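Please read these points with the structure open beside you.

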Amino acid sequence: MTRPARRPEGDPGDADLVLRVRAGDRGAVDDLYDRFRRPAFALARRILADDTLAEDVVQDVFLTVWRDPHAYDRSRGSFSSWLMAMVHHKAVDAVRREEAHRRRQSRAEDDLVLSAPTDARDVEDEAWSRVVSERVRLALGALPDAQREALTLAYYGGYTQREVAALTRAPLGTVKTRMLAGMRRLKEELGTVAGASAGGALSGPAAVDGGAR
Amino acid sequence: MTPPRDDHETFDELAVGWALHALEPEDEALFTPHLAACPRCTRTVAETAEVMAALAGDLPPAEPSEGLRDRLRDAVERTEQLPPPAPAAGAAGQVHAEERLVLRLERVQRPADGELVEHLVLPAPRVPGRAHRLVPSTGADSLRPPPGAAPPSS
């Protein structure tokens, strides 16, 4: 079974699968799982640093899509980005529960190191993955350090804005501004790789005001 | 309903933080009702989610265990779907009315004497404001409580 390549604009195949899930077709969940299990698991594992917990999150996500397939609509952007946002959200919830009794400091230092631009890693030998991977690396590398740090701590590390502020010794308001500015810059750098949604604060004329860059 | 752009920069920032699930509770309490009424912020959240999904494309590839597929199948087999959302108002509702009215009978073991009894399960009511909940809950565990328990002001 080869994995269908994911395309930024929201694969028409995804829409079909969502419709089948809505129609009560349990097999469609299997097909969604085939399509998204690997990126979903990779993200959950990155945030949780634990394969068992990551699998629990992945199962929870696909079961949620089955249980409430109407939770997604196109105003949320592409189905794949919505699904991955749910993976992120649930993994962050899980890591916060898990680490409630632990100090997160040592992990935070790892996360800061990881926020630096990375060398080429093992990438899937699939052309699209390589393209995405390369574009992401370049886009992250183009960010000012402080913006990259704030975004990677929140996204890959699951830290709240106040935690990011403490870790980077910056005021909370500065962290908020850095996250918005960094996202604007990433969207611009990533182009179509970052999806087709538009008209929000990350795109359009609003992106040039306020000296956010 | 979008405030002037200068004032809206604060909400633009909160929208990005909200999509990243990184807001402090007080900011979330401020932003969640705003999001429900703000198309610009809805788009900002979608844009941010798409950038986030692209970032996930740079993670080392990973394959979950084969057992996960089976566990998911079992769980899907045992799980009923929620009915589609009630339409905003009016005649369009007829299409799904039948589905919405379906009640389920579940056999449960009565704790007192262990006897199997039938238990009527009502479809979950639609929650106002759910249209903007990024993550639907599968149970109490994953429920994101409405911050400050304040319903969206409308």
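1. Start with how a crossing is described. An axis is a line fitted to C-alpha atoms, for helices over the stretch in contact, and angles run from 0 to 180 degrees between N-to-C directions. Helices (H or I, at least four residues) and strands (E, at least two) are DSSP runs, numbered from the N terminus. This is a predicted model, in which local features need pLDDT of at least 70 and side-chain atom pairs count only at pLDDT 80 or more, while totals for chains, interfaces and linings use all residues; side-chain values use heavy atoms, with hydrogens and water left out. Residues are numbered from 1 along each chain as its sequence is written, and chains are lettered from A and ligands numbered from 1 in the order in which they are written.

2. The axes of α7(A) and α9(A) come within 8 Å and cross at roughly 95 degrees. The two helices are therefore roughly perpendicular to each other (angles of 65 to 115 degrees count as such; under 35 is roughly parallel, over 145 roughly antiparallel, and the rest oblique). On α7(A), A:A146, A:Q147, A:A150, A:L151 and A:A154 meet residues of α9(A) that include A:R178, A:M179 and A:G182. Contact here means heavy atoms within 4.5 Å. The residues of this contact of α7(A) with α9(A) divide into eight nonpolar, two polar and two charged. For these classes, Ala, Val, Leu, Ile, Met, Phe, Trp, Tyr, Cys and Pro count as nonpolar, Asp, Glu, Lys and Arg as charged, and the others, Gly among them, as polar.

3. α9(A) also crosses α8(A), at roughly 105 degrees, with axes that come within 9 Å. α8(A) and α9(A) are therefore roughly perpendicular to each other. The contact includes A:V164 and A:A165 of α8(A), and A:V175 and A:M179 of α9(A). By class it has five nonpolar, two polar and three charged residues.

4. Which helix of chain B does α4(A) cross at roughly 75 degrees? It is helix α3 (residues 39-56) of chain B, and the axes come within 8 Å. That makes α4(A) roughly perpendicular to α3(B). A:S81, A:M84, A:A85 and A:H88 make the contact from α4(A), and B:A49, B:E50, B:M52, B:A53 and B:A56 from α3(B). Six of the residues in this contact are nonpolar, two polar and one charged.

5. Now take the whole interface. Chain A gives 86 residues to the contact and chain B gives 65 residues. Between them the chains bury about 7,100 Å², 57% of it on carbon and sulfur atoms (buried area is the accessible area, with a 1.4 Å probe, that two parts lose on being put together, summed over both). In chain A, A:Y33, A:R67 and A:H89 lose the most area to chain B, together 10% of what that side buries.

6. Last, the charged pairs. A salt bridge is a side-chain nitrogen of Lys or Arg within 4 Å of a carboxyl oxygen of Asp or Glu. The whole structure has 23 salt bridges over all chains, and the rule finds twelve across the interface of chain A and chain B. One of these joins the side chains of A:E55 and B:R71 (2.7 Å, N to O). Within chain A, the side chains of A:D34 and A:R37 meet in a salt bridge (3.6 Å, N to O). A:D34 and A:R37 are separated by about one helical turn, because they are three residues apart in helix α2 of chain A.
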